[in-house]
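Visitor: Could you zoom in on one packing contact and go through it residue by residue? After that, I'd like to hear what else is worth a look.

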Amino acid sequence: MKRYEQYAEEIAELIRTGVLRAGDRLPSVRQASSSRRISPATVFEAYYRLEARGLIQARPRSGYYVSAVPAARAAEPATALPSPSTTEVEISELVFDVLGSTRRPDVVPLGSAFPSPALFPLDRLARTLTPAMRRLDAGRIVEELTTGSEALRRQIGLRYAVGGTAVDARELVVTDGAMEALNLCLQAVTRPGDVVAIESPCFYAALQALERLQLRAVEVATHPRHGVELASLAEVLARHPVKACWFMPSFQNPLGSLMPEANKRALVELLARHGVPLIEDDVYGELHFGARRPPPAKAFDRDGLVMHCSSFSKCLAPGYRVGWTAAGRFAPAVQRLKLMTTLTTAVPSQEALAAYLQQGGYERHLRQLRQALAGSQARMLDAVGRYFPAGTRVTRPEGGYFLWVELPPPADALQLQRLAAAHDISLAPGHLFSADRRFARCLRLNYGNPGDARVEEAVRTLGRLVAQLRA
């Protein structure tokens, strides 16, 4: 066992045997680090793991406490076997219809794609804006039109370097959020009618992008815990003229799956042998519950075929609409497309983010954010276990803020969504996450609102509605 696993198991055993009881306070990170002669990162890792198992919970400005006895754990969903044929994508109308209600403030946002804005240092970001703009050299606005702020790209490059990923600064392009980065990368390597490999299930925005660009989708089997199944991908590459892959190797939306490092390396090597570009959607990479950030697939790229895309929207600055891509050998093509479409990304947002990152404090914010999300996940898993009927299956991600729930038959998630809407609860039915709407008994739940007292009652209501659908 690794040291954090050993420490976590010791605490779990104390809880199982009753030595530690519900409500007991665990040693602080500093105390545990000192008494056990282990690093604070090791203690954090152990506590995150225990939180994800529902055994302990964090209380703001107080510490970690033993949770109440958790409900029986639901089993994890199985890997779905996608259709071997390509599919024309028509998903946008369903997305607009189903998710339109998530913007209402009176709705419990379990179907939202965003975490709570209360989790982010928006006040501090706002305070950096005016001084940063006062210092701005007007000439830079023209010089940095397409590639984006040099100061911000330098900070992004530093984060790649600290994480162990070598990125040439010349391949970085700042974009209007990650969605623009992903769309530009997709346009750079495909033409209408081309085939693009996607995960099954996959984020509906990827399906919308394929629909808009008149591309065909071929789905690759994706494990709820380990991500893309490499054997399934190899079969797809052998059978179809795939022009690009759009995958989310770290904390995939909607599954929350995380590809192991060895699988990411093998993925990059497999695609390099076929000369197929990988568009890597990595917007949740910073939201890990472990001690260190999982390396992106980009870390194993030696041929410039991986176009790594991310943003600050999910981890620091929602609404600022600042993302980027490290586009490898396709960076010139992406820059040209940026020039022909949106031309540039808003300068004030870039300058505020660059100033914030230069001042420090980002890592402290991320630790607090991860801790809040890990605790929120544990509470939602406990609620699903208590309120949903027997036979329900649910994922247990190691990061991000989504659970993927598989309902027992014959419940239908789209029917459940419509019933839930009448109770002012939003959810994302599985129909949204596949080109052929195959995941009819699945739904995605957002646990990224830890301060919302309505969440547990909403989960209780969903469980009751599922039981009604099965009656």
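Guide: Contact here means heavy atoms within 4.5 Å, and the helices (H or I, at least four residues) and strands (E, at least two) are DSSP runs, numbered from the N terminus. Keep in mind that this is a predicted model, where local features need pLDDT of at least 70, side-chain atom pairs count only at pLDDT 80 or more, and totals for chains, interfaces and linings use all residues. Residues are numbered from 1 along each chain as its sequence is written, and side-chain values use heavy atoms, with hydrogens and water left out.

Let's take α10 (residues 230–239) against α11 (residues 261–274). Their axes, lines fitted to C-alpha atoms over the stretch in contact, with angles running from 0 to 180 degrees between N-to-C directions, come within 11 Å and cross at roughly 10 degrees. From α10 you get Leu 230, Leu 233, Ala 234 and Leu 237, and they meet Asn 263, Ala 266, Leu 267, Leu 270, Leu 271 and His 274 of α11. Sorted by class, that contact has eight nonpolar residues, two polar and no charged ones.

Now follow the loop between β9 (242–247) and α11, where Pro 254 sits. The Asn 253 to Pro 254 peptide bond is cis, with omega near 20 degrees. Phe 251 is found in that loop too, and though not a glycine, Phe 251 has a positive phi of about 60 degrees. Phe 251 is also buried, at a relative accessible area of 2%; buried means under 20%, exposed over 50% and partly exposed in between (1.4 Å probe, protein chains only). Most residues other than glycine have a negative phi, and most peptide bonds are trans.

There's another cis bond from Ser 200 to Pro 201, with omega near 0 degrees; Pro 201 lies in the loop between β6 (195–200) and α9 (204–212). Asp 424 likewise has a positive phi, near 60 degrees, in the loop between α15 (413–421) and β15 (425–426). At 29% relative accessibility, Asp 424 counts as partly exposed.

Next, the core, meaning buried Ala, Val, Leu, Ile, Met, Phe, Trp, Tyr and Cys residues joined through side-chain atoms within 4.5 Å. The largest has 136 residues, and Tyr 47, Leu 110, Phe 312 and Leu 316 have the most contacts inside it. Helix α14 (residues 362–387) gives the most to this core, ten residues. Beyond its neighbours within four places in sequence, Phe 312 touches, among others, Leu 152, Ile 156, Trp 324 and Tyr 362. A second, separate core has 22 residues, including Val 195, Val 220, Val 242 and Met 259.

Last, the strands, which pair if DSSP finds at least two bridges between them. β1 (residues 56–59) has Ile 56 and Ala 58 on a covered face, Gln 57 and Arg 59 on an uncovered one. Strand β2 (residues 63–66) pairs antiparallel with β1 over four bridges, and Val 66 is the bridge partner of Ile 56. In their hairpin, with three residues between the strands, Arg 61 takes a positive phi near 60 degrees. Elsewhere, an open antiparallel sheet of four strands runs β13-β14-β17-β16, with β13 (393–394) and β16 (428–429) as its edges.

Notes. Nonpolar A, V, L, I, M, F, W, Y, C, P; charged D, E, K, R; others polar.
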